[in-house]
Structure formats: structure tokens, C-alpha cells
Amino acid sequence: MTILRDDFIWGASTAAHQVEGDNIASDFWAVEHSPAGLLPEKSGSACDSFHRYREDIRLAAAGGLKAYRFSIEWARIEPADGDFSRAALLHYRDMIDACHEYGLEPIITLHHFTCPLWFTLGGGIQRADAADRFAAYVRQVSEILHDVRWIITINEPNILNLMSGLTAVIGENPGTERAPAGGVAAGNAEHGADDVEAAAPTERMAALPAPSLELAPKLIAMHAAARAVLRQTVPQAQVGWAIAAQAFTPTPGNDEAFERVFHHWEGVYLDATGEDDFIGVQAYTSQPVDASGPVPHPDSPENTLTGWAYRPDALGINLRRYWERYGKPLLVTENGIATSDDARRIAYTTEALRGLIAAVADGADVRGYCHWSLLDNYEWGRWEPTFGLIAVDRERDFARMPKPSLAWLGRIAAENAASLEPGA
Ligand code: BGC
């Protein structure tokens with residue numbers, strides 16, 4: 001008997017655009033190729049996982065993992081408005097089959113940051129028919145999900161909210177830079193209101209402006225529409241969405257500011273999980289909140305390759321908070337660290353998992369843990385921040401090189417983290 005459930009899910013995650021390569025019908029590909037030079041690096045062939053997914057899945061299983069979270073790319077399923085690709089659909093079905101063959105639980109994300117270019121050029125998530133169009137795509141995909149048990153409709157709506165400022169540029173004046181380049185992801189919140197223009201476009205460690213509260217209802221409508229289709233078509237599936245959890249902590253006397261910031265960044269999306277089966281939690285770092293908002297990460301040699309503070313305790317903070325406030329089953333869908341030092345990855349993850357175990361010991365219902373990421377991959381504009389349990393030789397032949405952290409996590413999975421329990 002361990003503290004964690006017997007059926008606790010141990011896995012690793014990826015996202016299509018970050019690993020597949022040549023995602024040419026997507027809006028992010030257009031952003032990468034914008035003459036405005038919005039991003040320092042392009043995704044190119046990425047890790048060529050579009051062709052090498054069997055190897056990825058085999059390596060995950062050989063490393064001892066029990067689940068693989070990956071995303072289905074809308075831009076491949078519907079590369080042109082209303083044209084659905086049967087071949088792309090069957091490609092993703094084959095990925096699900098490969099997971100089953102190797103004994104991995106497939107955890108499917110239906111939307112991970114990228115949209116088809118036609119959708120974004122037509123207004124993206126601001127389109128009046130955004131929820132309907134997303135639901136139409138989900139309906140097509142549901143055909144291949146008949147035996148899938150975990151589905152995430154949208155990855156990090158709170159960060160997608162910000163990224164839509166970046167992708168909107170391609171539909172407007174290509175000379176206008178409106179959102180931060182050099183990597184957009186969870187964990188680097190800034191002061192500020194509904195103003196994507198506030199962000200520095202080229203600074204490597206640019207902080208993110210706050211997501212727009214105006215866009216939140218559009219994202220919530222997309223989620224609800226997708227969930228409605230899934231309830232009808234794949235009733236066996238657990239459905240939820242995955243939130244970029246910032247582990248904000250109030251500085252003394254700033255509880256009100258904290259509540260405001262929490263609502264703005266996370267609460268508004270969490271409040272929409274009432275009819276979901278679980279909440280996906282994605283945790284990397286933590287930030288204090290003072291009277292004016294989140295305090296940017298000060299420079300420190302301890303900061304990770306994304307410029308975020310080294311805060312393995314972020315996972316436990318978020319899990320406790322979400323459990324206390326929402327009381328829903330939680331699935332850790334991402335947690336990890338950008339580092340070139342794999343021993344540091346193991347140290348970070350050890351602490352993060354200790355925080356998870358302590359939260360479970362205190363009552364939180366946590367169903368599983370998926371590490372970000374299975375592979376070193378394209379970090380939305382840059383290749384340098386390496387989050388992977390497996391390195392990839394992108395210059396030569398896409399050879400996969402598992403790092404010690406993969407076998408380490410596999411051993412933790414085999415013992416259900418018994419060795420990380422207090423007193424072990
Ligand atoms: C995203 C990933 C990203 C990771 C690290 C999350 O915001 O879902 O796509 O690579 O964090 O930045």
C-alpha cells in the first residue's frame with residue numbers, strides 16, 4: 001500500500017506542434033515565418049515525431065512509464081476550412097493503437113495552442129462561430145476516441161488567451177508585434193491589465209501580460225461545446241481541460257490582490273469546470289503577488305532555462321489550492337523543468353512529487369502525474385529550454401537518447417513513489 005492510488009497514472013506529455021514537425025497548415029507556423037521576425041527560432045521538422053511516434057511510444061514504455069499524453073493537431077485534421085483529412089484522422093488513431101500495444105494509457109489533448117491558419121485568419125477565438133467550428137472538429141475526431149479514457153479539450157486556455165495576441169498578428173499588419181516572442185508559456189506572469197501590447201517582443205525572459213478577461217468566455221464556450229460533443233460521442237471518457245497553474249502566493253497584506261490575480265489568471269477557467277470530470281494541473285514555478293500584481297522573477301543563477309524561479313514546491317501549492325477550492329479529481333498533466341542538467345531535473349521532480357504526495361496525504365484526489373516533457377522539443381520560439389526525459393539529435397538523424405531521468409521516473413512509477421513518502 002502506498003499513499004497514491006493503485007491505479008495512479010504515471011506518464012509524460014508532448015504537444016503536436018512542438019514535436020511533430022512541418023505543421024504547415026497551422027497559425028503558429030505562419031507566425032514563425034512572419035516577415036516581422038516575431039520569433040527567434042522556427043519549429044521546422046521539430047523532432048519528426050509525426051513519423052517517429054512509434055519510437056517515442058516504445059521508449060516511453062521501455063522507460064517504465066504507463067501513459068502518454070499527446071495532442072491531436074486541428075490544422076492537420078482540418079487543413080482547409082471544412083476539409084477534413086481522413087488520413088490525418090487515421091494517423092492519430094494509429095498513435096492510440098500504438099499506445100495500447102505498448103501498454104500505455106493514451107491521454108489525448110484536442111487543442112494545444114495551435115489553430116488552423118484559416119481559422120485564425122478568420123478571427124480565431126474571437127470569431128462568432130469559434131465554438132461551433134471547434135466542436136465540428138471535435139466531432140470528427142471523436143470517431144477515433146471510442147476507447148480513450150482521458151481527454152483534455154483545450155490545453156491552458158489561460159495561456160492560449162495570451163498566445164492569441166501573437167497569432168492575431170498574422171491576420172493584421174505583419175509589422176506590428178503585439179505579444180512576447182522568445183517563448184510563451186505558463187509561469188512568467190507580469191503585472192498589467194488586458195494589454196498584450198505591454199509585453200516586450202524580443203526579450204528572452206519577457207514577462208507575460210495578464211490574459212484578457214474579455215476572451216475568457218469565448219474559450220469557455222469552446223470548451224463547453226467540445227465537452228458536449230464528447231459526452232454524446234464518447235461517454236466512456238473522462239473530460240476536462242488543463243490549466244496553467246501559477247502557484248501565486250500573496251505577500252503580506254495582499255490577499256485581495258492575490259484573489260483578483262488568481263481569478264484573472266486561473267479562477268475564471270476553473271469556475272467553468274463544474275461539469276468536467278477532472279481538472280488538469282500544469283505547474284512549473286511560483287510567483288509572489290503584491291498590491292500591483294504578480295512580481296516578476298528576479299534574475300538568479302538558480303532560475304531555469306526559461307527564466308523562471310526554481311520552485312518545485314509549485315506543484316504541491318497548486319494541488320492543495322485546486323482541491324480546497326474546487327474539490328474535483330486532479331490530474332497533473334504537466335510538470336517539469338527547463339535545464340541542461342538532468343540531475344537537476346531529477347532533483348526538481350523529486351521535490352515536486354514529494355509535494356504531490358503530501359497533498360494527497362492531506363486529502364487531495366490526485367489521479368496521476370504526467371511529466372513535461374517526453375522529448376526535448378520546440379519551446380514556442382526557442383529550442384534552448386530543454387524539458388525532455390529524452391534528447392533528440394535534430395541536426396542529423398533524429399536519434400532519440402533517453403536521459404537518466406526517464407529510467408528514474410520509470411522506477412518511481414514501478415514503486416508508485418513509495419520511496420518518496422515521508423519516512424521512507
Ligand atoms: C505548455 C507547453 C510548454 C510548457 C513549458 C506549458 O505552458 O503547455 O506547451 O512547452 O508549458 O513552457
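Predicted model: local features only at pLDDT ≥ 70, side-chain atom pairs only at ≥ 80, totals over all residues.
Local features need pLDDT of at least 70 and side-chain atom pairs count only at pLDDT 80 or more, while totals for chains, interfaces and linings use all residues. Residues are numbered from 1 along each chain as its sequence is written, and side-chain values use heavy atoms, with hydrogens and water left out.

**Helix packing**

Two packed helices are described by the angle between their axes and the distance between the axes. Axes are lines fitted to C-alpha atoms, for helices over the stretch in contact, and angles run from 0 to 180 degrees between N-to-C directions. Helices (H or I, at least four residues) and strands (E, at least two) are DSSP runs, numbered from the N terminus.

Helix α12 (residues 342–361) packs with helix α13 (residues 404–414) at an angle of about 25°, the axes being 9 Å apart. The two are therefore roughly parallel to each other, a term for angles under 35 degrees. On the α12 side, Asp 342, Arg 345, Ile 346, Thr 349, Thr 350 and Leu 353 meet Pro 404, Ser 405, Trp 408, Leu 409 and Ile 412 of α13; contact means heavy atoms within 4.5 Å. By class, six nonpolar, three polar and two charged residues make up the contact of α12 with α13.

Helix α11 (residues 314–326) also packs with α12 at an angle of about 25°, with axes 7 Å apart. α11 and α12 are therefore roughly parallel to each other. Leu 315, Gly 316, Leu 319 and Arg 320 of α11 make this contact with Ala 352, Gly 355, Leu 356, Ala 358 and Ala 359 of α12.

**Ligand surroundings**

The ligand is surrounded by 15 residues, and the closest are Gln 18, His 112, Glu 156, Glu 334 and Glu 379; a residue counts as near if one of its heavy atoms lies within 4 Å. The table lists distances from a ligand oxygen atom to a side-chain N or O atom.

| Residue | Distance to ligand oxygen |
|---|---|
| Gln 18 | 2.7 Å |
| Tyr 284 | 3.4 Å |
| Trp 372 | 3.4 Å |

**Backbone features**

Most residues other than glycine have a negative phi, and most peptide bonds are trans. Trp 372, listed in the table, is joined to Ser 373 by a cis peptide bond with omega about 15°. Ser 373 is found in the loop between β11 (366–372) and β12 (390–392). Ala 46 is not a glycine, yet has a positive phi of about 45°. The loop between α2 (27–32) and α3 (49–62) holds Ala 46.

Terms used. Parallel < 35°, antiparallel > 145°, perpendicular 65-115°, else oblique. Nonpolar A, V, L, I, M, F, W, Y, C, P; charged D, E, K, R; others polar. Polar contact = N/O pair within 3.5 Å; in protein donor to acceptor, adjacent residues only side chain to side chain.
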